[in-house]
Amino acid sequence: MLFTQALLAGVTNGFVYALVGLGIAVIFKGSHVINAMQGELAVVGAATAVFAAAIWGLPLWLAVVAGALTGMAIAILVELGPIRALFARRAREESFLLLTVGLGFTFSAGVLYLFGREEHLLPPLGDEVYEVFGAIIREHALWVIGISAALILALRLFYRHTHLGLSMMAASIDPDGAATTGINVRAMRTATFALGGLLAALAGLLVAPLIGVGYQMGPLLTLKGFAAAILGGLSNPLGALVGGLVIGILEAMSIVFVSSGMKDAVALTLLIVIMIFVPDGILGRAGRKGG
Amino acid sequence: MLPNKTSLAPPGIAGELSAQRLRTTRPSAAALSVLALAAGVFLILPMVLERHAVDLLVFCGLYAIAGAGVGFLLGQGGIVNLGQAAFYGIGGYASAYCSARLGWPAPAGIAIGIVLSLAIAALIGQPILRLSGYFLALATLALGIICTNIYFEADFITGGTLGVPGVPKLAVGGVIFDTPEKFYYLVWPIAFATILAMHNLMGSRIGLALQAMRDAPDAAMVMAIDNARLKLWIFMLSSGLGALSGSLFAHYVGFVNVDSFGVDKSILFLLVPVIGGASVPAGVIVGALFIGLVPELLSTLGDIHRVLFGLALVASVVFFPDGLWGLGRDLTGLVRRRSGATRGETTP
């Protein structure tokens with residue numbers, strides 16, 4: 001029963017990691033930048049919603065929209081400002097990484113300054129508790145799974161069938177070719193960041209009713225999302241889902257069979273092992289160099 | 001070696017190296033007098049500053065030692081190391097455990113910390129240094145978090161959150177380094193020696209091979225430079241310095257716990273060369289002073305200081321790609337060129 005309980009928790013977390021990883025993958029696909037502040041964007045989105053509801057007294061749905069738009073707006077501003085400056089300078093890969101790490105640090109400090117040290121909870125989408133094979137699952141966890149799955153599906157359709165999605169792909173794969181067909185390559189990169197920021201904030205908003213969102217959880221969330229993204233394949237939305245589930249379930253199993261304190265260590269060791277042993281099947285040789 | 005210069009027109013390796021040589025081996029009279037002045041100020045500082053300020057400077061020295069390793073990786077190897085706190089922790093815990101729990105002499109603890117760090121770096125470096133770019137950076141970040149996790153769990157050695165109290169003060173030849181002033185005269189000479197050693201290393205065969213590896217890896221390989229081994233060496237060097245700094249930290253503060261070795265400390269050590277400038281080993285001095293002193297100055301503004309500190313980092317990545325050291329070099333270069341130009345006009 002403990003096993004089933006852990007499995008359910010792992011699956012729920014897995015969908016959250018998948019969403020974070022999806023955001024990282026979307027930004028990488030569109031700009032060849034690994035966004036190391038993805039976890040912090042999730043935290044910022046969730047914290048904004050919590051405080052919009054608590055302090056300004058906004059209705060919950062409006063607070064959630066505000067949180068999602070905040071994540072998106074920050075990502076857009078980051079792209080328009082520092083990211084463009086680095087692209088203009090043709091900065092090296094490590095500069096982009098240092099930039100996003102530094103921005104992540106700044107955002108987490110901002111959350112600490114504005115919202116304090118404690119962990120913030122959002123009210124869940126439903127209060128019911130269901131029993132599955134002797135274990136219990138909260139209604140909100142089912143919502144997380146359902147909404148994440150719908151988002152992943154929608155993203156797939158977006159990239160395959162909409163004009164904007166196809167333009168974003170084209171601008172990334174062949175910037176010069178895309179420009180000759182009249183695609184605004186720089187605007188497409190901004191759109192990519194907007195989408196990534198939105199996904200990050202949504203991940204934070206979805207997980208906030210289940211576990212408290214604190215200012216310092218960014219790096220861990222980024223790393224687990226990154227592990228999900230490369231495990232599943234950075235270019236394939238469904239891959240991030242598979243990757244997220246593997247990480248989430250493995251983490252849950254390590255709580256049962258190793259110790260709860262070691263779950264992060266197990267997940268991150270897996271990340272290193274994946275990067276070393278299955279790097280090519282995941283990102284493809286051409287894509288690996290990034291920048 | 002500014003990134004914008006290299007990306008516009010990458011000079012040949014030979015050209016860049018000879019330029020480097022010229023810059024490093026012929027200090028001008030002005031440079032020497034500045035150096036002498038700096039040395040004087042360095043010696044006098046603990047006597048004129050109040051104790052709290054000296055205490056801060058001691059921490060700057062610790063950051064310079066650990067940051068020098070990270071800076072060498074970044075500047076000479078192009079490797080972003082986000083896991084230095086892991087080795088800082090190994091040094092800290094080795095010293096604390098050996099001297100506070102086992103009662104061994106301090107040098108034994110320091111040596112064990114360094115050897116343990118080198119061994120672990122060799123073991124872990126072997127697989128993860130095959131990665132590059134983003135992958136390698138994130139692998140080191142993961143490594144740092146894994147180690148923090150282990151420090152937390154292995155409380156029979158580390159004491160978990162309670163930590164290890166009662167680490168004895170360092171004593172060398174009858175001198176007990178029990179005040180910030182005395183420790184200042186211990187930690188900074190070690191930091192300067194480290195930086196000088198790296199400076200010399202840069203001019204050596206290994207340093208030249210490193211530059212070749214960083215700027216033209218394929219050409220380096222053709223010239224039989226073993227990239228993998230070089231990377232492993234500098235990774236081990238960096239982690240050894242991290243351990244040394246951690247050991248000194250343990251003896252200075254007298255207490256270690258898991259909070260001292262978290263991800264934020266790794267980021268801080270990376271900031272030392274990023275803000276100071278990674279292309280020259282001496283850049284880490286500027287970076288360490290910035291990291292150690294600026295948050296303190298900003299803390300009078302209240303809790304916002306962490307945000308401002310983060311923004312300072314972002315600004316330095318965007319506007320000063322070669323750090324404050326590079327900025328200073330560009331400015332003095334500008335002044336020198338301008339004064340040279342006017343001299344040229346007056347004496348045709």
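Biologist: Where is A:R90 in this predicted model?

Modeller: A:R90 sits in the loop between α3 and α4 of chain A. Its phi is positive, about 55°, although A:R90 is not a glycine.

Biologist: Why is A:R90 called partly exposed?

Modeller: Count the other C-beta atoms within 10 Å: there are 13. Exposed needs 12 or fewer and buried needs 20 or more, so a count in between is called partly exposed. That is why A:R90 is partly exposed.

Biologist: And what makes A:H32 partly exposed?

Modeller: A:H32 has 17 other C-beta atoms within 10 Å, so it is partly exposed. A:H32 lies in the loop between α1 (2-31) and α2 (38-54) of chain A, and its phi is near 60°, a positive value in a residue other than glycine.

Biologist: Let's turn to chain B. How do you know that the reach of α6(B) is close to the expected one?

Modeller: Helix α6 (residues 106-128) of chain B has 23 residues.

Biologist: Which residues make up the contact of the two chains?

Modeller: The contact takes 41 residues from chain A and 37 residues from chain B. On the chain A side, α4(A) gives the largest share, 15 residues. That side divides into 26 nonpolar, eight polar and seven charged residues.

Note on methods. Residues numbered from 1 in each chain as written. Chains lettered and ligands numbered in written order. Predicted model: local features only at pLDDT ≥ 70, side-chain atom pairs only at ≥ 80, totals over all residues. Contact = placed C-beta atoms within 7 Å. Helix = DSSP H or I, 4+ residues; strand = E, 2+ residues; numbered from the N terminus. Nonpolar A, V, L, I, M, F, W, Y, C, P; charged D, E, K, R; others polar. Expected span 1.5 Å × (residues − 1).
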